[in-house]
Amino acid sequence: MMAKSFVDPDLLANKKHWREYFEAKVGFRNYWYPACFAHEVLEGEVLTRTILGEGMLLRRVRGQVRAIRDRCIHRGVKFSDKVECYTPDTISCWYHGFTFRWDDGVVCSIFGAPESSAVGTRRVKTYPVQEAKGMVFVFVGDANFEIPPLAHDVPPGFLDDNTALEGESIIVRANWRLGPEGGIDEIHRYLHRDSPLLVNTSKSMPLGHAAARDQFELVERADGPKGVIDHFKAEKMFFDGQIDGKTVVKGPNFGPGARRPVYSSAWLPSCVKVVGFPDEGITLFEWYVPIDEVSHRCFMTLSKPCNSAGDAAEFKEEFKLRWKPLGLDGFLMQDVRARESQQQFYSHDRAWFEEGLVEDDFMLMQWRKLCSRHSRGVQTPDHLV
């Protein structure tokens, strides 16, 4: 159970434009979130997940993935502590035998009390599920909320036809908000200066660059995804790090023709899209799915246009042999280590107000404002009762 906590209202008053963002320690509710890859849910098997602090079970029933809350409505025990599925479409509580259908959560039997009025009338919470691009998405929100199309909760281009997607997920010991903020951080490129990916692809990458406001785009149409885009069209880039006029560190620079045309963006509820990463023709979609206040599941996925099964198979092999070791393990894991280090500071509410942001954090600040303007709801401890 997530511990009750709150943000000091006096601190919130100082940054009122970011109010809901700061309150969203465990994420924004009433959104679609990736729960797992489709291949992780095999027919008849049960997978556990926690999203926004809500424990749930997933099971593939006759080809369709179902999701149900991992808590019996009777005395609150977790189904996952001893999974009992006597038929393909039901799950039974190991404590008292309350049995629920996966598709609607209705109590269909109670082994020790078959004549109970609860049979056919009571139910455990179920979650809407969609599969897309080899991933399983679960909608976490209010029962009476009008569920939006999945296309409104993923970045533009993710659902495009004729693309193949490869990736993996890991649990990161840091608050989810540190994920998208790192992805659109203008000056964090310094962190990656020694990544083996840059040498392998022979691409230049500055330690930082200027003119964030000139390349910024805000996307907040009512009928689509909401996000902020960094078009990276600044001409002023910094490759030499200096102290007292002396260069002490250099960014990888293979000449103007090798400068990496990378365009970063962040999209509600919790995804970063990077066009041109880890190389031209490939796009990174990285999700930061809240587990609780201090951890999130990070989905690192790469998408590439593929017009045939052969192209997709070739990309799969390319991912395994090149982009996973270089792009994920050799580059993105540097961001993961940074997020886990940051968590030591941002685990306290006051840290979000004592941070020393500078004008080059423009994208980050716009992201926080966008989230606060368009949030469909903030997950709180009350939703877990």
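Which element gives the largest share of the lining of the largest cavity? That share, four residues, comes from α5.

The model is predicted: local features need pLDDT of at least 70 and side-chain atom pairs count only at pLDDT 80 or more, while totals for chains, interfaces and linings use all residues. Residues are numbered from 1 along each chain as its sequence is written, and side-chain values use heavy atoms, with hydrogens and water left out.

**Cavities**

On a 1 Å grid over the protein atoms alone, a cavity is a set of points where a 1.4 Å probe fits but cannot get out, and lining residues have an atom within 4 Å of a point. Grid points are joined across faces, edges and corners, and a volume is the space filled by probe spheres set on the points. Two cavities of 30 Å³ or more are present.

| Cavity | Volume | Lining by class |
|---|---|---|
| Largest | about 320 Å³ | twelve nonpolar, seven polar, eight charged residues |

The largest cavity is lined by 27 residues, and Gly 183, His 188, Ser 264, Val 274 and Phe 331 lie nearest its centre. Two or more lining residues of the largest cavity come from each of α3, β19 (271-275), β20 (283-292) and α5 (309-346). Helices (H or I, at least four residues) and strands (E, at least two) are DSSP runs, numbered from the N terminus.

Residues lining the second largest cavity include Pro 34, Arg 49, Val 289 and Arg 297. Here the elements giving two or more residues are β1 (31-37), β2 (46-51) and β20.

**Salt bridges**

The whole structure has 19 salt bridges, each a side-chain nitrogen of Lys or Arg within 4 Å of a carboxyl oxygen of Asp or Glu. In one of them, the closest N and O atoms of Glu 181 and Arg 368 are 2.8 Å apart. Glu 181 belongs to helix α3 (residues 178-183) and Arg 368 to helix α7 (residues 362-374), so this pair ties together parts 187 residues apart in sequence. Glu 181 is buried at 5% relative accessibility, and Arg 368 is buried at 0% (buried means under 20% relative accessible area, exposed over 50%, partly exposed in between; 1.4 Å probe, protein chains only).

Arg 368 also forms a salt bridge with Glu 355, at 2.5 Å between the closest N and O atoms. Glu 355 lies in the loop between α6 (351-354) and α7, 13 residues from Arg 368. Both Glu 355 and Arg 368 are buried.

Helix α7 also holds Arg 373, whose partner Glu 220 sits in the loop between β13 (216-219) and β14 (227-230); their N to O distance is 3.3 Å. Arg 373 is partly exposed at 44%, as is Glu 220 at 31%. Elsewhere, Arg 29, Glu 54, Lys 125 and Asp 142 are linked in a salt-bridge network.

**Aromatic contacts**

There are 22 aromatic pairs (rings of Phe, Tyr and Trp, its six-membered ring, with centres within 6.5 Å; planes under 30 degrees apart count as stacked, over 60 as edge-to-face and the rest as tilted). Phe 216 and Phe 362 have ring centres 5.2 Å apart and planes at 85°, so the pair is edge-to-face. Phe 216 in strand β13 and Phe 362 in helix α7 are 146 residues apart. Phe 216 is partly exposed at 21%, whereas Phe 362 is buried at 11%.

One aromatic cluster includes Trp 18, Trp 176, Phe 345 and Trp 352. The charged end of Arg 177 sits over the ring of Trp 352, 4.1 Å from its centre (NZ of Lys or CZ of Arg within 6 Å of the ring centre and within 35 degrees of the ring normal).

Definitions and conventions: 1 Å grid on protein atoms, 1.4 Å probe; cavity = no way out; pocket = protein on both sides within 12 Å on 5 of 7 lines; lining within 4 Å. Nonpolar A, V, L, I, M, F, W, Y, C, P; charged D, E, K, R; others polar.
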